[in-house]
Amino acid sequence: MEGTASGLGDIDLTDLSAFEDGPPQEVFRRLRDQAPLFWHEPTRHTPEGQGFWCLTRHEDVAWAAKDAGLFSSCTGGARTGGGTLIEDLPLGFAAGVLFNMQDDPRHQHIRRLVTPSLSPRRLREIEDELRRRCDRILDEVVDRGGCDFLVDVAAELPLQAIAALLGIPQEDRHLFLSWADATLDYEDRELGQTSTRSAEAGAAMFAYGSKLLAEKRRKPADDILSIVANADLPQGAQPGGPMTDIEQEMFFNLLIAAGSETTRNSIAAGLLALIEHPAQWDALRSDRRLLPSAVEEMLRWASTTTYNRRTATRDAVRHEQQIRVGDKVVLWWQSANFDERIFEDPMVFDITRTPNPHLTFGLGPHFCLGASLARVEIRLVFEGLLDRVDAVDKVGPVERTRSNKHAGFRHVPVRIRKRGR
Ligand code: HEM
C-alpha cells in the first residue's frame with residue numbers, strides 16, 4: 001500500500017497521544033504532499049482493526065464532502081455499522097438514526113424542517129438575549145480578575161444558547177447545565193469511556209429529553225424541539241409521517257453535544273491565539289471592523305471538529321487508487337484548513353485573512369446547521385472582551401482534551417486586566 005511505499009507507515013492517526021499537544025500538523029503536511037489519498041493501515045489503536053482512507057487536501061476533502069451519494073454518512077457495502085466516527089456505530093441506533101448520520105432523502109427532509117430555527121433571521125431575534133447572557137458571564141469574570149476561561153466563559157454561553165433554542169424551560173436550565181457538564185467533560189475518564197458520573201448524567205438527560213419531547217407534543221411552542229416532536233414528514237422522507245421516538249431523542253442529544261463542545265473549543269482556541277499573537281490582539285483592539293475576519297480565522301485556526309468519516313457506497317477511483325464499496329473514508333477538515341495549496345502561509349494566524357475558505361463547518365449536504373449560531377456566539381464573546389478588558393494572560397498550563405475527533409480544552413486559566421484599571 002501507498003503508506004508503506006512512501007515511508008509513511010509510521011503514521012498513526014488513531015493514537016490519541018498524537019493529538020495531545022495540538023493537531024499533528026507535520027503528519028498532515030506529509031500526507032498532503034506525498035499521499036493525498038492515504039490508506040491508513042490498522043494499528044493497535046485502530047477501532048475494529050480496520051484500515052481506512054485518509055483525505056487531507058482541501059480539494060479532496062471538499063470533493064468527498066459534496067458527493068454524499070458516493071460517500072454516505074450512514075453506511076455502505078455489507079457493513080452492519082457505520083456513521084461518521086472512525087469506529088462503526090450500530091445501524092438503527094446511531095448510524096441511520098442520528099440526524100447527522102442519516103443520508104438523503106430522509107436527512108434532507110428533516111434538515112428542511114429544522115433549518116429555519118437556526119437561520120440568521122431567528123438568530124437576530126435571540127441575539128439581544130444572548131448578548132445579555134454573555135455580558136453577565138463576562139462581567140462576573142472580569143470583576144474577579146481572572147477565571148478558567150474554558151469552564152467559566154467558553155462553555156457557558158453555548159450551553160445557555162442551546163437551552164434557549166431547544167425550548168428548555170428556564171426553571172430546568174440549571175439541571176440541564178449540570179448534566180451537560182458531566183456528559184461533556186472528560187475530567188474523570190478517557191475518551192470513549194464513561195464514568196459513573198457521566199453515565200448517570202447521560203441517562204438523566206436522555207430521560208429528560210424524552211419527557212420534554214412529550215411535553216412539546218402536547219403543547220408545541222416556538223422552538224426547535226417542538227418542530228421535531230411534531231414533524232409530519234412527506235412520503236419522500238421514506239417513510240413519511242412523524243420522526244421515530246429514537247430519532248427525536250437522538251436529535252435532542254445531538255444538538256446539545258454538537259452545539260456546545262465545538263463552539264466552546266473555538267472560543268477558547270480563539271482567545272489563546274490572540275494571547276499568543278499580541279500584535280493580532282492589538283490590531284483587533286484598534287480596528288473592530290476586523291472582528292468578522294478574525295472570527296473566521298479563529299474558526300480555521302481552531303478546526304475543532306478534526307474529522308468526519310464517510311463510507312463508500314460504490315467503487316471509486318481517486319489519485320489513481322481504488323476505493324472499494326464499504327471502505328471507510330476519513331475527511332480531515334483540520335488538515336484541509338492548513339493546506340498550503342489554498343491558504344497562503346497557513347501556519348500564520350492572520351485575522352485579516354480574506355478570503356478564508358476554511359472547512360471548519362464541513363461542506364455539502366451536511367454543512368453545519370449551527371454555523372451561524374456559532375459565529376454569533378464567538379463574535380459576542382470577543383465584542384464583550386474588547387469592551388471590557390485591556391489584557392488577558394495565561395496563568396497556568398492549558399489542558400487539552402485527548403481526542404482525535406475534537407480539538408479541545410479542559411482548562412484555560414487566565415488573568416484578566418479590566419479596562420482602565
Ligand atoms: C465552532 C462550532 C462548530 C463546529 C466547528 C461545527 C462543526 C461541524 C461540522 C464539521 C459538521 C459536518 C459534519 C459532517 O459533515 O459529517 C457539523 C454538522 C452539524 N452541526 Fe456543527 N459545528 C459547530 C457548531 C454547531 C452548533 C452551535 C450547532 C447547534 C446548534 C451545531 C449543529 C450541527 C448539526 C445538527 C450538524 C449536522 C448537519 C447535517 O448533518 O445536516 N453545530 N458541524
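**Exercise 1. How far is an oxygen atom of the ligand from an N or O atom in the side chain of arginine 310?**

Some ground rules come before the solution. This is a predicted model: local features need pLDDT of at least 70, side-chain atom pairs count only at pLDDT 80 or more, and totals for chains, interfaces and linings use all residues. Residues are numbered from 1 along each chain as its sequence is written, and side-chain values use heavy atoms, with hydrogens and water left out.

Step 1. Take the arginine 310 side chain. The distance from its N or O atom to a ligand oxygen is 2.7 Å.

**Exercise 2. Describe the shell around the ligand.**

Step 2. Assign elements. Helices are DSSP runs of H or I with at least four residues, strands runs of E with at least two, numbered from the N terminus.

Step 3. Find the protein donor of the ligand's iron atom. Cys368 (SG) is the only one, at 2.3 Å. Donors are N, O and S atoms within 2.8 Å of the metal (3.2 Å for Na, K and Ca); water is not among the atoms, so sites may look incomplete. Cysteine 368 is in the loop between α14 (333-336) and α15.

**Exercise 3. Why does glutamine 102 count as buried?**

Step 1. Check accessibility. Glutamine 102 counts as buried because its relative accessibility is 2%. The cut-offs are under 20% for buried and over 50% for exposed, with partly exposed in between (1.4 Å probe, protein chains only).

Step 2. Locate the residue. Glutamine 102 is in the loop between β5 (89-90) and α4.

Step 3. Find its partner. Its side chain makes a polar contact with that of glutamate 247, at 2.8 Å.

Step 4. List contacts (heavy atoms within 4.5 Å). Leaving aside neighbours within four places in sequence, glutamine 102 is in contact with residues including His107 and His366.

Technical notes. Polar contact = N/O pair within 3.5 Å; in protein donor to acceptor, adjacent residues only side chain to side chain.
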